[in-house]
Amino acid sequence: MDTDWISVAEAAHIAERSKPTIRRWTRRGHIEAHPGPVPAHGGSRPTMINRDSLMVYLATSQQIPREVTSARTVVHDDNA
């Protein structure tokens, strides 16, 4: 089976979290990561995230997308 590796930026977009949060999840072992290919023009190797492990972590850890948590409805009762 071919493993789908994605960038930290793409993982952050999918999870609706920041890139530092994705990196923290990798350090804690919540999601699988490995160094990516060596850049042709120097610089450090990018961290690549296993898409399947990200999706499993999101499903099993009950991570709620930011849009849902920030869109809470407040109901005011003027008669109270």
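**Exercise 1. Order of elements**

Task: In what order do the elements of the protein chain run from the N terminus on?

Solution: Step one is the inventory: in this predicted model, the protein chain has four helices and three strands. Step two is the order, which reads β-α-α-β-β-α-α from the N terminus on.

Of its 80 residues, 22% count as buried. Among contacts between residues at least 6 apart in sequence, 53% join residues at least 24 apart.

**Exercise 2. Helix 1 and helix 2**

Task: Classify the packing of helix 1 and helix 2 by angle, and state which residues meet.

Solution: Start with the geometry. The axes of helix 1 and helix 2 (residues 19–27) are 8 Å apart, and the angle between the helices is about 100 degrees. Angles of 65 to 115 degrees count as roughly perpendicular, and helix 1 and helix 2 are therefore roughly perpendicular to each other.

Next, list the residues. Helix 1 contributes Val8, Ala9, Ala11, Ala12 and Ala15, which meet Lys19, Ile22, Arg23 and Trp25 of helix 2. Sorted by class, this contact has seven nonpolar residues, two charged and no polar ones.

**Exercise 3. Helix 1 and helix 3**

Task: Determine whether helix 1 is roughly parallel or roughly antiparallel to helix 3, then describe their contact.

Solution: The axes of helix 1 (residues 8–15) and helix 3 (residues 51–60) come within 11 Å and cross at roughly 25 degrees. Because angles under 35 degrees count as roughly parallel, helix 1 is roughly parallel to helix 3. The crossing of helix 1 past helix 3 is right-handed.

On the helix 1 side the residues are Glu10, Ala11, Ile14 and Ala15; they meet Arg51, Leu54, Met55 and Leu58 in helix 3. The residues of this contact divide into six nonpolar, two charged and no polar.

**Exercise 4. The setting of Asn50**

Task: Is Asn50 buried or exposed, and which backbone nitrogens lie 2.9 Å from a polar atom of its side chain?

Solution: First, locate the residue: Asn50 is in strand 3 (residues 47–50). Second, apply the cut-off. Buried means under 20% relative accessible area, so Asn50, at 7% relative accessibility, counts as buried.

Third, look at the side chain. A polar atom of the Asn50 side chain lies 2.9 Å from the backbone nitrogen of Asp52. The backbone nitrogen of Ser53 likewise lies 2.9 Å from a polar atom of that side chain.

Last, turn to partners further along the sequence. With neighbours within four places in sequence left aside, Asn50 is in contact with Thr3, Asp4, Trp5 and Glu32.

Conventions
Residues numbered from 1 in each chain as written. Predicted model: local features only at pLDDT ≥ 70, side-chain atom pairs only at ≥ 80, totals over all residues. Heavy atoms only, no water. Axes fitted to C-alpha atoms, helices over the stretch in contact; angles between N-to-C directions. Helix = DSSP H or I, 4+ residues; strand = E, 2+ residues; numbered from the N terminus. Parallel < 35°, antiparallel > 145°, perpendicular 65-115°, else oblique. Left-handed = near helix turned anticlockwise from the far one by under 90°. Contact = heavy atoms within 4.5 Å. Nonpolar A, V, L, I, M, F, W, Y, C, P; charged D, E, K, R; others polar. Buried < 20%, exposed > 50% of the residue type's maximum accessible area, 1.4 Å probe, protein only. Polar contact = N/O pair within 3.5 Å; in protein donor to acceptor, adjacent residues only side chain to side chain.
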